[in-house]
Amino acid sequence: MPKVVVSEFMDEAAIATELAGFETLYDPGLVDRPGDLAEALRGADALIVRNRTQVRGALLDSAADLKVVGRLGVGLDNIDVDACNQRGIAVYPATGANDGAVAEYVIASAMLLLRGAYGATGQVVEGAWPRNALMGREIGGKRLGLVGFGAIARETARRASALGMEVSAHDPFLAPGDPAWTPPSGPVIRRDLATLIAQSDVLSLHVPLTEGTRGLIDGAAIARMPKGAVLINAARGGVVDEAAVAAALKAGHLGGAALDVFDREPLDAQTGAAFAGVPNLILTPHIAGVTQESNVRVSAVTAKAVRRHLIGP
Ligand SMILES: O=C(O)[C@H](O)COP(=O)(O)O
C-alpha cells in the first residue's frame, strides 16, 4: 500500500476520495516540525506540500523512497525541482486550479484601492459624513498592466476587460503571434516592460521569483509608474522592493498597493514595522490563491496526480 505524507493543509475530502486505500499521514503541522517530517518520510512514496515545506537537501535525503511530490499550488520556488529530477522524483503543481482565486483577488484589490471608500465605517458610525474625502476612482476605463501573461494573468485580463479596463501585458516568453494576446474577451496590448510600467494605472505582477525577476519592481521602477497608480503583488515576494513600496505610498506617489506575498513570510517585527502607518496599503498573508473553492480544486487535482503517478489511472 503506497504511503503518502501531507505536511500542510489540504481539503480532507480529496484525501478520502482520491487517496482511498493509501496509507496517508495527514498532519498539516508537520511543516513546522522538521524532525517529525523527516521521520514520517522514511518509506514514504509521496509527499504533498503547499508553499512552506522546503523540498530540498536534507528533506530529500530523509526520503529515499520518494517517487512523487504533489504541490498544492503553482509556485515551485520551495521545491528543488532539479534535485527531484536527478532522483527520479516527479513533481506535480496544481496548474490552473487556483487561477480564478488569484484573479479575483487582483480585481477586488484594484477596485478597493481605486475607490478608497471602504475605510470610513467608524467615522460614519460616529456621525461623520466625509463624502468629498471619499470620492474615489472607477476601474472602468483604467489601464491594467500585467507583468507576465501566464494563466493567472489571462484570467485577470478576462475579468478586467469585462469591467471596461484597457489591458496590456509584458511577457518575453510569449511569442507576438500567440493567440493568448487576442482572447475572446478583447485584445491584450503587448508592451515592453518600461512602457507597461509607465502607462498603467494598475500594475499587477504575475511572474515567478527567479534570478531574472528578483527586484524587478524596485524604487526606480516605482518612480516611473504614473502618480496615483496602484501596485498589486500576488505573485512572489522578492519581485517587489517592499521598502520602496512603503516609501512611495507615504510620499503619495503610489495611490495604493496590495501585497499578498513577501520576501520573508511571515513578516517579523522588523519587516512588519516598515509597513506601520503606511496609507492605502492592503497586506494579506499569501492568501490570494487560497479560497474555499480553490482549496477543493487544488486538493483534488494534486491528490489525483499523486494517485495516477503511483498506481496509474
Ligand atoms: O503558488 C501558488 O499557487 C500560491 O502561492 C498558493 O500556494 P499555496 O497553495 O501553497 O498556498
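In this briefing, two residues are in contact when heavy atoms of each lie within 4.5 Å. The structure is a predicted model, in which local features need pLDDT of at least 70 and side-chain atom pairs count only at pLDDT 80 or more, while totals for chains, interfaces and linings use all residues. Residues are numbered from 1 along each chain as its sequence is written, and side-chain values use heavy atoms, with hydrogens and water left out. The protein chain holds twelve helices and twelve strands; these are DSSP runs numbered from the N terminus, helices being H or I of at least four residues and strands E of at least two.

**Overall form**

- The C-alpha trace spans about 65 × 50 × 35 Å along its principal axes.
- Of the 313 residues, 48% are buried, where buried means under 20% relative accessible area, exposed over 50%, and partly exposed in between (1.4 Å probe, protein chains only).
- Of the contacts between residues at least 6 apart in sequence, 60% join residues at least 24 apart.

**Surface and charge**

- The accessible surface of the protein chain is about 14,700 Å², and 55% of this surface belongs to carbon and sulfur atoms; accessible areas come from the Shrake-Rupley method with a 1.4 Å probe, and for residues only the protein chains shown count as cover.
- There are 29 positive and 34 negative side chains, and the centres of the two sets are 5 Å apart.
- Lys and Arg count as positive and Asp and Glu as negative, with His and the chain ends not counted; each charge is placed at NZ of Lys, CZ of Arg, CG of Asp or CD of Glu.

**Annotated domains**

- An unreviewed UniProt entry places "domain: D-isomer specific 2-hydroxyacid dehydrogenase catalytic" at residues 36-311. UniProt positions are given in the numbering used here, feature names are shortened, and annotations may be inferred rather than shown by experiment.
- Residues 36-311 are 35% helix and 15% strand, and the end C-alpha atoms of this span are 27 Å apart.
- The unreviewed UniProt entry also gives "domain: D-isomer specific 2-hydroxyacid dehydrogenase NAD-binding" at residues 108-288.
- Residues 108-288 are 28% helix and 17% strand, and their end C-alpha atoms lie 11 Å apart.

**Buried positions**

- Val-49 belongs to strand 3 (residues 46-49) and is buried, because its relative accessible area is 0%.
- Neighbours within four places in sequence aside, the contacts of Val-49 include Ser-7, Glu-8, Val-69, Leu-72 and Ile-79.
- Between Val-49 and Gly-75, 26 residues apart along the chain, the C-alpha separation is 11 Å.
- Thr-156, in helix 7 (residues 151-162), has a relative accessible area of 0% and is therefore buried.
- Beyond neighbours within four places in sequence, Thr-156 is in contact with Ala-103, Val-106, Ile-107, Leu-144, Leu-146 and His-206.
- Ile-232 lies in strand 10 (residues 229-233) and is likewise buried, with a relative accessible area of 0%.
- Among the contacts of Ile-232 outside four places in sequence are Tyr-105, Val-106, Val-202, Leu-205 and Ala-258.
- The C-alpha atoms of Ile-232 and Ile-107 are 9.6 Å apart, although 125 residues separate them along the chain.

- Ile-282 is part of strand 12; its relative accessible area is 22%, so the residue is partly exposed.
- Apart from neighbours within four places in sequence, Ile-282 is in contact with Leu-112, Leu-113, Ala-257, Ala-258 and Leu-259.
- The C-alpha atoms of Ile-282 and Gly-272, ten residues apart along the chain, are separated by 13 Å.

**Backbone features**

- The peptide bond joining Glu-265 and Pro-266 is cis, with omega about -10 degrees; Pro-266 sits in the loop between strand 11 (254-259) and helix 11 (269-273).
- Asn-280, a residue other than glycine, has a positive phi near 55 degrees.
- Asn-280 occupies the loop between helix 11 and strand 12 (281-283) and is partly exposed, with a relative accessible area of 49%.
- His-286 is not a glycine, yet its phi is positive at about 50 degrees; His-286 is in the loop between strand 12 and helix 12 (292-311).
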